[in-house]
Amino acid sequence: MKDSQRLIDKKRIFCGPVLVDTKNEILNGEIFMIDYECMPRGIYPIFENDDFAVFDKPSGILSHPNGRHCEYSLCDEIWTLFGKNANVAHRLDRETSGLLIASKNPKSADELKNMFEKKTVQKIYFALVSGRVNENFICNKPIGKAYSDDEIGIKMRIRDDGKPAITEFYPLKFYENIGESGATLIKAIPKTGRQHQIRLHLFHMKHKIFGDPLYGLETYAAEAIMDKKLSIFDRVKFSGATRLCLHAAEISFEFKGENFHIKSKIDFEKEFLNATKI
């Protein structure tokens, strides 16, 4: 019964052509269940043990299916390799590349989820941002949902009544010939785990990430990029790059008494630089 209610909540049960959206209803006729068919593309974990696996997710791939019409996500790989009881332990935005942990069973899923909730997982990101950044800085601004109804649904805002959010930033290298005012490669260490935290904190500090399809753009342009309705030329024109130049490069945590420090194998700096060229 519990599984049936869950499937109804996920809009995966039909009686004939009609979507079933009421629980405990007596159904007459043919009953259909929509199941997700995995279509793997051959992405394999860079590390795994009996409890979890760590993938190096490319930019442009969803962490998890986002609806009935989703053609592909990293879960296609996870479920093909480890079965439907496996799942992502956290999320990366579609255009963010880098390390993502997948649990292999419900028990490890609970343990990993607990780790993230208790903030015992340390992550290091790298981003290519607009302008010259000369000194280390910290952004300590709360984050919440956007105010306006006409904003894109997933957009977040700096707001006084939002949840606490802290990110440390460390400039590493300056590129004079990228963008209108140059570009700086930055290391970002989030101390909290809010949605779009690094992207929003950098935008707030006037150092927008190259290729960001959401922050710093008019709604029409953001929607066109996310709906993939712009040419590569126009995408670079509006956002500065062909992808979001943000990469989850390192992750550290303790699991069952063992310490793990895993590094991405993706050459993110090369990808960032190539993304700013047409």
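Which residue forms a salt bridge with Arg243? In this predicted model, the partner is Glu271, and the closest N and O atoms are 2.7 Å apart. Arg243 sits in the loop between α6 (232–239) and β14 while Glu271 belongs to helix α7 (residues 268–275), so the contact ties together parts 28 residues apart in sequence. Here is a quick tour of the salt bridges, the cores and the cavity.

**Salt bridges**
- The whole structure holds eight salt bridges.
- In the Arg243 pair, Arg243 is buried at 8% relative accessibility, whereas Glu271 is partly exposed at 34%.
- Glu48 pairs with Lys104, with the closest N and O atoms 2.5 Å apart.
- This pair links strand β4 (residues 47–48) to the loop between β7 (97–103) and α3 (106–117), 56 residues apart.

**Nonpolar cores**
- The largest core has 45 residues, and those with the most contacts inside it include Ile78, Leu128, Phe169 and Cys245.
- Strand β8 (residues 122–130) gives the largest share of this core, six residues.
- Another core, of 13 residues, lies apart from it, with Phe52, Phe116, Phe255 and Ile262 among them.

**Cavity**
- A search finds one cavity of 30 Å³ or more, and the largest cavity holds about 40 Å³ of space.
- Both β8 and β14 (246–255) give two or more residues to its lining, which has six nonpolar, one polar and two charged residues.

How values were computed: Residues are numbered from 1 along each chain as its sequence is written. This is a predicted model: local features need pLDDT of at least 70, side-chain atom pairs count only at pLDDT 80 or more; totals for chains, interfaces and linings use all residues. Side-chain values use heavy atoms; hydrogens and water are left out. A nonpolar core is a set of buried Ala, Val, Leu, Ile, Met, Phe, Trp, Tyr and Cys residues joined through side-chain atoms within 4.5 Å. Buried means under 20% relative accessible area, exposed over 50%, partly exposed in between (1.4 Å probe, protein chains only). Helices (H or I, at least four residues) and strands (E, at least two) are DSSP runs, numbered from the N terminus. On a 1 Å grid over the protein atoms alone, a cavity is a set of points where a 1.4 Å probe fits but cannot get out, and a pocket is an open set with protein on both sides within 12 Å along at least five of seven lines; lining residues have an atom within 4 Å of a point. Grid points are joined across faces, edges and corners, and a volume is the space filled by probe spheres set on the points. Ala, Val, Leu, Ile, Met, Phe, Trp, Tyr, Cys and Pro count as nonpolar, Asp, Glu, Lys and Arg as charged, and the others, Gly among them, as polar. A salt bridge is a side-chain nitrogen of Lys or Arg within 4 Å of a carboxyl oxygen of Asp or Glu.
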